[in-house]
Amino acid sequence: MTASSPNGFRRLRFTDGDGSDYSAIFEAEYHGSDFASGTFATEDARYEYTVVGDDDLTLRTMRAEGGKRGGVIGARDDHVVFWLTKGRLEMHFADRSRVVEPGSPYIASAPEAYRFESSGTVYNGVHVADRFLREVGKDLGFRLPAGPLLFDQQDEVVARREPLRHLIHEIGPMLVDDRVLGAMRTELNRRLAVVVLDTFPIRNRGTDVPVANRLRDAIRFIEANASDRPSVPDIAAACGLSQRGLQDVFARTLDSTPHRFLRDHRLDRVRQELLRGDGSEGVASVGGRWGFTNAGRFAAAYRERFGEDPGTTMRASLAARPDAGRASWRLRRALAFIEQHLDEDLTVQDIADAAGVRPRRLQQLFQEERGESPMAAVRSIRGATERSGAAGIRAAD
């Protein structure tokens, strides 16, 4: 097992308001190394950067408003997994460029240098030391390249399950607690490192297939064959893992079993059909199409997952359909909160709290009833408000 880190917990905060120069962020965190060059923040940029963790793993946030920031980041000692909840980031590597916008996580591998420029971003990230990630990979029995450790991006089928964000939501309060030290902190760090290794494919492995690709194939097989209720051996065979290996990767990455994951996916599909249906088909018929043949067990499983009976969902389906112009009460509450706080840096967690649901359920509601994510709704509402305001100004002129 990976040994407890000898490095102590630290909590750092840099802001333009306390006189911290933007370059101080890189100098303090990397002990004055020159891996970052030409870093800048324009005079009108306002930023707050926080770092919490140890030398194995840190959680980081950047909240920036106005102006622009940029620079060149060279090869470094840690891999960076991050996602934006606001703004836009341009990253230019030696062989490609990438525009990162709010949504799926992005990984910047430790050995890769890049130039970046951003404005108005809210950034959340996990920095994992290359040394620590290799130690965890070795413990798991992963075949890691002897040379530079490089990652590809998550496949969309994995990214939409948000395994890393779900885990951070679960253990984040402990990671930012300065009383959690030693072996306990190392174990928490390790859980995050495992999810990174399980969900981001490792390059340069020859003919060996990364676990992340096998997880992707397992999820795709389940989704494509859910109504047939494939067995665990069938799923394992489809993705090239042993049954034990399949069970392990689902447990440590998705906090589930293949069987439960399949059942939950079938329930999700039933709910989608009930919400989008016209009421002409009964609950038993929809459930049967997705392999639920025992009415009592089906109702109990549905109630456990969604907090209501399938019949209740069906009765509300017409009210929840987008073409009816009506929305469920939780979605109405979420939209009202967005409209009341448009000038603030909203996050999915903020909106979910206002609606009284978990972030994952909020994402489901918006997809089911509006066909878009909560943050996409925020952007569209802001855009409509800005256009309306501009029209009013022109009319006044």
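## Salt bridges

In this predicted model, a network of salt bridges ties together Arg260, Arg263, Asp264, Asp268, Glu304 and Arg305. Across the structure, the salt-bridge count comes to 36.

Some pairs sit within one element. Arg134 and Asp130 meet at 2.9 Å, N to O, and both belong to helix α2 (residues 130-140), four residues apart, or about one turn of the helix. Asp130 is buried at 17% relative accessible area, while Arg134 is partly exposed at 24%. Then there's Arg179 with Asp177, at 2.8 Å from N to O. Here Arg179 is exposed, with a relative accessible area of 70%, whereas Asp177 is buried at 18%.

Glu101 pairs with Arg88, and their closest N and O atoms are 3.9 Å apart. That one links distant parts of the chain: Glu101 is in the loop between β7 (97-100) and β8 (106-108), Arg88 is in strand β6 (residues 78-92), and the two are 13 residues apart. Glu101 is partly exposed at 48%, and Arg88 is partly exposed too, at 37%.

## Aromatic pairs

Searching the whole structure turns up nine aromatic pairs. One of them is Tyr302 with Phe306, a tilted pair with 4.7 Å between centres and 55 degrees between planes. Both residues are buried and lie in helix α11 (residues 295-306), four residues apart. Ring pairs also join these two with Phe292 and Phe298 in a cluster.

## Charges over rings

Phe306 has a charged neighbour as well: the charged end of Arg271 sits over its ring, 4.8 Å from the centre. Elsewhere, Arg96 has its charged end over the ring of Phe93, 4.1 Å from the centre.

Technical notes: Residues numbered from 1 in each chain as written. Predicted model: local features only at pLDDT ≥ 70, side-chain atom pairs only at ≥ 80, totals over all residues. Heavy atoms only, no water. Phe/Tyr/Trp six-rings, centres within 6.5 Å; stacked < 30°, edge-to-face > 60°. Buried < 20%, exposed > 50% of the residue type's maximum accessible area, 1.4 Å probe, protein only. Lys NZ or Arg CZ within 6 Å of the ring centre and 35° of its normal. Salt bridge = Lys/Arg side-chain N within 4 Å of Asp/Glu carboxyl O.
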